[in-house]
Amino acid sequence: MRGAPTILHLDMDAFYAAVEQAAKPSLRGKPVVVGGLGPRGVVSTASYEARIYGVHSAMPMAQARRLCPNAAYLTPRFTLYRQVSDIVMEILGRHSPLVEPLSLDEAFVDLEAGEVLEAAEARAAREVGERLRVMIREATGLSGSVGLAGSKMLAKIASEEAKPDGLYLIEPGAERELLAPMPVRTLPGVGPATAEVLRRAGLTTVGDVAEAGEAELLRLLGKAHGASLYAMANGWDDRPVVAERDAKSVSVEDTFDVDLTERTLVQAHVARLAGRCVERLQAAGRSGRTVVIKVRSYDFSTLTRSETLRGPTDDPAVVREAAARLIDTVDTTAGVRLLGVGVTGLADFTQEDLFAQAAAAAEAAEPPEGEPHAAGGAPVPSAEEDAEPLADRRWLPGRDVWHAEHGFGWVQGSGVGRVTVRFETPDSAPGRVRTYPVDDPDLQPADPVPLAAMAGREGRGSGGGAGPAE
């Protein structure tokens with residue numbers, strides 16, 4: 001524990017939904033829900049206008065629709081979210097070389113390492129936190145909540161207390177008093193099972209856990225878990241802010257609205273997931289030597305299969321072939337609910353494989369047999385961002401489009417051969433709505449238009465978004 005609140009935790013407010021509201025003028029001030037839109041989809045983020053109705057992250061999308069039927073339900077656009085996240089992380093990096101991103105919208109910052117504090121005291125730390133919030137709003141138009149404390153655990157708790165759009169500082173020495181009335185689920189690592197064990201022992205608050213003593217927690221939870229929980233309940237946390245965290249694996253997975261029973265379709269999805277997995281691997285500049293598949297059946301039973309290669313690779317043909325061999329060992333006739341492909345045993349180099357290179361050359365000339373494609377031969381949009389049926393993916397709600405006459409817009413909805421588009425950009429007034437046949441040649445998928453604040457910051461004009469997606 002530090003003697004000054006020099007660990008900062010930033011958590012952007014309702015990040016995905018807030019970006020969508022900033023990008024779509026017609027949705028500002030209205031409930032917005034982002035997530036998988038299929039029957040088995042879940043909420044990724046809900047705007048504060050939607051939270052009033054009880055919608056929250058990780059809620060089944062079907063339940064969210066019942067609670068808030070008039071919200072705008074959108075599929076995620078991770079390309080745009082990453083653009084905004086990069087700007088936020090760059091601002092944090094100006095204040096310290098030690099920035100530990102936890103996700104696109106969340107990070108720890110060690111202010112002591114940044115030489116931005118005139119004095120190691122609460123006033124100076126608060127000034128830095130407020131300055132960061134102003135800079136982020138000016139650069140992106142979005143709000144973030146800041147927590148300041150002497151440890152990572154307390155800084156994260158403080159940012160939760162600050163939400164939305166605030167700053168909360170925990171003074172050194174006030175940790176136990178602050179934590180005592182909070183429920184045990186506040187502490188990291190306390191899930192439903194651990195909380196139930198503690199509840200049966202009469203321990204429902206953090207204060208109860210601290211007063212129970214370490215010996216009692218060891219008896220209830222075992223040595224490792226009991227000791228760490230006792231330390232957290234007392235506010236003790238010496239974990240440093242780590243600028244880079246070494247990934248142990250790279251993986252992707254899809255959940256399907258309707259269980260897959262056809263063998264060729266299962267194989268096609270595995271091939272597609274293997275390709276996406278390698279894209280992530282290559283983007284991270286890594287390679288791996290063990291290919292893993294994950295299969296969840298209709299009854300929620302889950303199994304994994306793995307194959308270790310002769311050496312690390314980032315070759316899509318090698319990973320796809322290994323994944324295909326693995327799925328051939330699994331009986332999928334009863335129905336598959338989820339498929340995943342991953343690579344572990346990561347390395348910073350690859351072992352050249354001449355056979356794989358030859359296969360890749362052939363692959364470049366001809367797409368893999370059975371790989372799903374949208375109409376016109378365009379690749380199906382990444383299922384990382386949704387779990388919609390393949391036939392609908394081109395016109396998923398929230399996706400960007402370009403019309404030859406009306407310019408940029410976004411999909412409000414589609415069905416029965418029609419697609420409804422609202423034409424507007426981040427710096428325009430709420431736009432008009434028009435409907436077209438789904439195969440209208442003048443309507444094409446497009447890349448996201450940068451937010452107006454971002455466009456100005458980067459020296460682009462207000463209409464300077466990317467054109468139709470290639």
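1. Is Asp237 buried or exposed? Asp237 is buried, with a relative accessible area of 8%. Here buried means under 20% relative accessible area, exposed means over 50%, and partly exposed lies in between, using a 1.4 Å probe and protein chains only. The partner of Asp237 is Arg239: their side chains meet in a salt bridge, 2.9 Å from N to O. Arg239 is partly exposed, at 43%. A salt bridge is a side-chain nitrogen of Lys or Arg within 4 Å of a carboxyl oxygen of Asp or Glu.

2. Before going on, a word on what you are looking at. This is a predicted model, in which local features need pLDDT of at least 70 and side-chain atom pairs count only at pLDDT 80 or more, while totals for chains, interfaces and linings use all residues. Residues are numbered from 1 along each chain as its sequence is written, and side-chain values use heavy atoms, with hydrogens and water left out.

3. Now the overall picture. The protein has 470 residues, and 49% of them count as buried. You can find 15 helices and 17 strands in it; these are DSSP runs numbered from the N terminus, with helices being H or I of at least four residues and strands being E of at least two. A contact means heavy atoms within 4.5 Å. Among contacts between residues at least 6 apart in sequence, 62% join residues at least 24 apart.

4. Next, look at the nonpolar cores. Such a core is a set of buried Ala, Val, Leu, Ile, Met, Phe, Trp, Tyr and Cys residues joined through side-chain atoms within 4.5 Å. The largest one has 41 residues, and Leu8, Leu10, Phe15, Leu92, Leu142 and Leu148 have the most contacts inside it. Helix α4 (residues 78–95) gives the most to this core, with nine residues. Apart from it lies another core, of 28 residues, including Leu154 and Ile170.

5. Leaving aside residues up to four places away in sequence, Phe15 touches Thr45, Tyr81, Val84, Ser85, Leu104, Asp105 and Leu142.

6. Back to salt bridges, of which the structure holds 21. Glu196 and Arg199 form one, at 2.7 Å from N to O. These two residues are three apart in helix α8 (residues 192–200), so about one helical turn separates them. Glu196 is partly exposed at 27% relative accessibility, and Arg199 is partly exposed too, at 47%.

7. Compare that with Arg276 and Asp254, whose closest N and O atoms are 3.5 Å apart in their salt bridge. Because Arg276 lies in helix α12 (residues 263–283) and Asp254 in strand β9 (residues 249–260), the pair ties together parts that are 22 residues apart in sequence. Arg276 counts as buried at 10%, and Asp254 counts as buried at 2%.

8. On a 1 Å grid over the protein atoms alone, a cavity is a set of points where a 1.4 Å probe fits but cannot get out, and lining residues have an atom within 4 Å of a point. Strand β14 (residues 407–415) gives the most to the lining, with three residues. Among the lining residues are Lys24, Arg77 and Asp400. Lys24, Arg77 and Asp400 are also linked with Glu20 in a network of salt bridges.

Definitions and conventions:
On a 1 Å grid over the protein atoms alone, a cavity is a set of points where a 1.4 Å probe fits but cannot get out, and a pocket is an open set with protein on both sides within 12 Å along at least five of seven lines; lining residues have an atom within 4 Å of a point.
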